[in-house]
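I opened the coordinates and kept notes as I went. The entries are in the order in which I looked things up.

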Amino acid sequence: MSNPATDQRCHPCTLQNNPYLPHLATLTLVREEGPGLMTFEAQFQDPETAQTFTYLPGQFLEISVLGAGEAPFGIASVAGPGRPLRFSVQKMGLVTTALHGLSEGATIGIRGPFGNGFPVLEHKGKNVLIIGGGIGLPPLRSVIEYLRENCHDYGEVCIIYGARNPQMLCYKECLLDWGQDEAFDLKLTVDKGDEDWEGHEGFVPSYLEELNPPADNAVAYTVGPPIMIKFVLQAFDKLGWPRNQVFASLEAKMKCGFGKCGRCNVGPKLVCLDGPVFSAEELQGLPWI
Ligand SMILES: Cc1cc2nc3c(=O)[nH]c(=O)nc-3n(C[C@H](O)[C@H](O)[C@H](O)COP(=O)(O)OP(=O)(O)OC[C@H]3O[C@@H](n4cnc5c(N)ncnc54)[C@H](O)[C@@H]3O)c2cc1C
Ligand code: FES
């Protein structure tokens, strides 16, 4: 006799639409990016998924390694049919260490895209200020390259990026490229320079205050360590930016990635579903740090 529960679970259409089921993908690039940081590119093994998978800058993926588990990572690439997905991974624990042990040609699982992403579509016509700290740059690369591809829809783009020291600035070839592109005004800073560093020294929030960018017709997107985000938001307050013009991407421990398990809650909000991008206005009063 048939069992409706089992039949339902095993029906191929149900499996296809199962948000817990990862798409298989092959790593096409594995590159050391900096101390403890690796960059990966992956192509879906199913040709139809490779052509149709799309996402917004600021969304994230749940990446799985067989036998190790699954973890969320911001997308560093721009969507386009057949384009590889890029993400960068800082070695932390079980899953990130397993990812660091993989080579080109290895198979991984990918679920997503999840989260809201930065509201780039709503912000057409605006000047965009991008503020990154440390390994916050990879997810911002998705925004920056998106803005480059759609530059006619946006005003001026300024990128402020900082790291603890020059060795910890990641995506160095991108920084070189963006620094030479007239579409961008790139400002770099390090907490402490070395003998070769001739650029700015100081924390990202202080540099932001120093640069004092105008709020008129502008929005700001920031990704970085929580402590940097906290002080960046305070700097914007001091500079008189309205809080609904400033957007930050948060990190939280996650499981499902799409609002079912409750693991990622910050007060009444779920980072995976309501975020990871929140306006400074929304963050007011939330216990996010
Ligand atoms: C939306 C989002 C985007 C992210 N994007 C990136 C990215 O682009 N690159 C990147 O390297 N990391 C990113 N992270 C953080 C990444 O998900 C964690 O580093 C990862 O889950 C750790 O997994 P693990 O199994 O290696 O560590 P575990 O073995 O689970 O834990 C090791 C250590 O990491 C801490 N940890 C676990 N999960 C998180 C988490 N979600 N955030 C912060 N600390 C955590 C634990 O408290 C513990 O101290 C992102 C997280 C979120 C929520
Ligand atoms: S990770 Fe499950 S609800 Fe957010």
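My entries start with the whole chain and then turn to the ligand, the sheet and the backbone.

**Entry 1: the whole chain**

I note at the outset that this is a predicted model. I looked up the secondary structure and found nine helices and 15 strands in the chain. I then checked the overall dimensions. The C-alpha trace spans about 75 × 40 × 35 Å along its principal axes. Does the radius of gyration agree or disagree with that of a compact globule? For 289 residues a compact globule would have a value near 19 Å, and the chain has 20 Å, so the two agree.

Next I looked at burial. Buried residues account for 37% of the 289 in the chain.

I listed the residues around ligand 1 and got 23. Ala71, Gln90, Gly93, Val95 and Thr96 come nearest. E4 gives the most, with five residues.

I sorted the shell by residue type. I have 15 nonpolar residues, six polar and two charged.

**Entry 2: a seven-stranded sheet**

I traced an open sheet of seven strands. The order is E10-E9-E8-E7-E11-E12-E15, and the pairing is mixed. Strand E10 (200-201) and E15 stand at the edges. Each has a single partner strand, so one side of each has no neighbour in the sheet.

E8 and strand E9 (residues 184-190) run parallel and are joined by seven bridges. In this pairing I find Gly162 opposite Thr189 in E9.

**Entry 3: cis peptide bonds**

The bond joining Gly112 and Pro113 is cis, with omega about -5°. Pro113 is in strand E6 (residues 107-114). The bond from Gly275 to Pro276 is also cis, with omega near 10°. Pro276 is in a loop, between strand E14 (269-270) and strand E15 (277-279).

I looked for positive phi in residues other than glycine and noted Tyr171 and Asn212.

Tyr171 has phi near 55°. I place Tyr171 in the loop between strand E8 (157-163) and helix H6 (172-180). Is Tyr171 buried or exposed? Tyr171 has 23 C-beta neighbours inside 10 Å, so I count this residue as buried. The cut-off for buried is 20 or more.

Asn212 has phi near 50°. Asn212 is in the loop between helix H7 (204-211) and strand E11 (218-223). The cut-off for exposed is 12 or fewer.

How values were computed: Residues numbered from 1 in each chain as written. Chains lettered and ligands numbered in written order. Predicted model: local features only at pLDDT ≥ 70, side-chain atom pairs only at ≥ 80, totals over all residues. Helix = DSSP H or I, 4+ residues; strand = E, 2+ residues; numbered from the N terminus. Rg over C-alpha atoms; globule rule 2.2 N^0.38 Å. Near = placed C-beta within 6 Å. Nonpolar A, V, L, I, M, F, W, Y, C, P; charged D, E, K, R; others polar. Pairing = 2+ DSSP bridges.
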